[in-house]
Amino acid sequence: MSDLKPDTTPIEPILGETIPTGRDLNLTLWGDVWRKLKRDKRFWISATMVTIFILMALVPALFFTKDPNACNIHDTALRPSREHWFGTDLLGCDYYTRVIYGARTSLQVGLIVSGVELALALFLGSASGFFGGWIDMLISRFADVWFSVPTILGSILVLTLFHGGGPVVIALVIALFAWPDMTRLVRAVVISGKQRGYTRAARTMGSSGRRILARHVLPNGIGPVLVFSAYVIGSSAGAEAGLTFLGVGLRLPAISWGLQLSVADTRFPELAYLMFFPSLFLCLLIGAWILLGESLRDAMDPKLFGSSGDV
Amino acid sequence: MSDPLMDVEGLEVEFRTEDGVVKAVHGLSYGLRKGEILAVLGESGSGKTVHARAILRILDSPPAFVTGGEVSLDGTELFPLDEDEMVDIRGARIAMLFQDPHTALDPVYTVGGQMIELLRLRQGLSKREAKAEAIDLLKRVGIPSAEERLKAYPHQLSGGIAQRVMVAMAVALDPDVLLADEPTSSLDVTVQAQVLELLKSLVADSEMSMVLITHNLAVAVAMADRIAVMYAGQLVEIGPAREVYAKPAHPYTAALLRSIPDINVREERLPAIKGAPPNLLHLPAGCPFNPRCEYATEICLREMPPLESVGDEHASACWHWEEVVR
């Protein structure tokens, strides 16, 4: 035990130490996600489908549609033909055109619900997760109580009271009952982010609470929230169709898959094609968003791909 | 003894857990002088990390609460300050360095992004000035091709480089006190020595003082001017590094010294301190070290010994320090 001094003799600056070349790809967190997405077939399939639906909503004319309101009552309930690809509906409108135009309503509702929920969740979820204490208590208990009201049931109730409404109103009503889900997710993400090393380090360097939340906690945790937003777009498009089908949502002359299904229901199974086409499009739209969400989730989950995530 | 720069006085921290209240830090007092390196030595659970977080007031409350004591920096008491005033202190007056640089750097920003933000936020520099300053800082901590490194993301850096970046950020605002919490424990042995050397030279070249928190006695002896030994949340010995090393006055310190293997002696078994680290929920009565102590007598089971002067600036909390020194 004579000379205990550890070897701390001065060592020349670390010129020998270089970045490992294999990892020197200048990968950001999002770069890493993109690299995984590129290899995922589900991503390409769903992204293509989502793009097609968005085009349908924005410029339906690209899809060789006719005037959706140019209906000829003499041509009522024609079967699919070269002239009318999906046949015509009970009022003699070109069904293909009407189905294509339906995408706009569905997407509009999906995007509004998702956007409103995201905004609410970022605000309420962050506040409750980050500040904790009585704020968390208040928001979380309120969300729990609200959560116990089924979305569809609550929406039916409210829409019945207001005798339906346009797509915006329906979207807001759905969001009104669906927000607790995403709020809980944001809260969880914020709570876990709060305990990360970089959050603590940022505090020791004098970042204020709000700054840490905005610059460190949310950017690191936003991934799963965006994934969930994609699901919400799909599921609320489905909810709108459901509500409209039940007669509390959109009314004519609006063009909506739910409305088409509800009319088709009166002549089923005699005119089964009236039921088939809007159902198919609705399923594809919901499926596309869910698949997109799933591929994003897998790309962002380091546990599934064994990447070098900080878990 | 000149007035200390930072004074910790009777610090008490407790964790309120479901199983009961744990005293993580109990009656801790010490003074940190200007330009000094004070090593705080202790095993896991000794309260060394908790005490540093308590000083900066970044404990997770709940479950951890400061329940007593005072920390003052240059005469300013820290605990009565409001959060905004504390934000100004953090980083600029008291900075902290963490064990694992890869978790302390935010993975979504580049090194430059994080450094430049810090400098712009805290020193009001323009983007261009901040970038130049960041490059200077990286050079100061011995990072080659600093300008390139600014563009790197944390996961692209080796542990040593990443910790140098953290050191650069910790000293960026020219703090009076650096709390270094096991700054080398997650690094390769070869890199450890380099980072320690860097820290030592930074302290020597500036007016900064450093509290070096470590579980490694050899590191403490090599780096520190003084060593404070903590056991079960309490200060059990404090003194000049050389004295504590040559003439430990607490059985725990003495046992730690004995447990360092000597390369010249062939030993069947590595010497270790008998028994297990204390369970803070069920501390023994009296001196917390008594179950593992070879000197323990009846009084040790009854009463905690006070911190007594055992030499020049050297104090120990042991009823039998005279036997230990001998």
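**View 1. Buried and exposed residues of helix H2(A) in the predicted model.** Phe43(A), Ser46(A), Val50(A), Phe53(A) and Met56(A) are the buried residues of H2(A). Viewed down the axis of H2(A), these buried residues fall within an arc of 160°, so they line one face of the helix. On the other side of H2(A), the exposed residues are Lys41(A), Thr48(A), Thr51(A) and Leu58(A). The structure shown here and in the following views is a predicted model.

**View 2. The length of helix H2(A).** Helix H2 of chain A comprises 18 residues, 41-58. At 1.5 Å a residue, H2(A) should span 26 Å, and this agrees with its end C-alpha atoms, which are 26 Å apart.

**View 3. Packing of helices H3(A) and H4(A).** Helix H3 (residues 95-131) of chain A packs against helix H4 (residues 133-147) of chain A at an angle of about 140°, and their axes are 7 Å apart. H3(A) is therefore oblique to H4(A). The two helices, H3(A) and H4(A), form a left-handed crossing.

**View 4. Pairing of strands E1(B) and E4(B).** In chain B, strand E1 (residues 6-17) pairs with strand E4 (residues 64-73) in the antiparallel sense, over eight bridges. Opposite Phe15(B) stands Ala64(B), a residue of E4(B).

**View 5. The hairpin of strands E4(B) and E5(B).** Strand E4(B) is joined by two bridges to strand E5 (residues 76-77) of chain B, and the two strands run antiparallel. Leu73(B) has Thr76(B), in E5(B), as its bridge partner. Two residues lie between the strands of this hairpin, in which Asp74(B) takes a positive phi near 55°.

How values were computed
Residues numbered from 1 in each chain as written. Chains lettered and ligands numbered in written order. Predicted model: local features only at pLDDT ≥ 70, side-chain atom pairs only at ≥ 80, totals over all residues. Pairing = 2+ DSSP bridges. Helix = DSSP H or I, 4+ residues; strand = E, 2+ residues; numbered from the N terminus. Expected span 1.5 Å × (residues − 1). Buried ≥ 20, exposed ≤ 12 C-beta atoms within 10 Å, placed from the backbone. Arc of directions from axis to C-beta. Axes fitted to C-alpha atoms, helices over the stretch in contact; angles between N-to-C directions. Parallel < 35°, antiparallel > 145°, perpendicular 65-115°, else oblique. Left-handed = near helix turned anticlockwise from the far one by under 90°.
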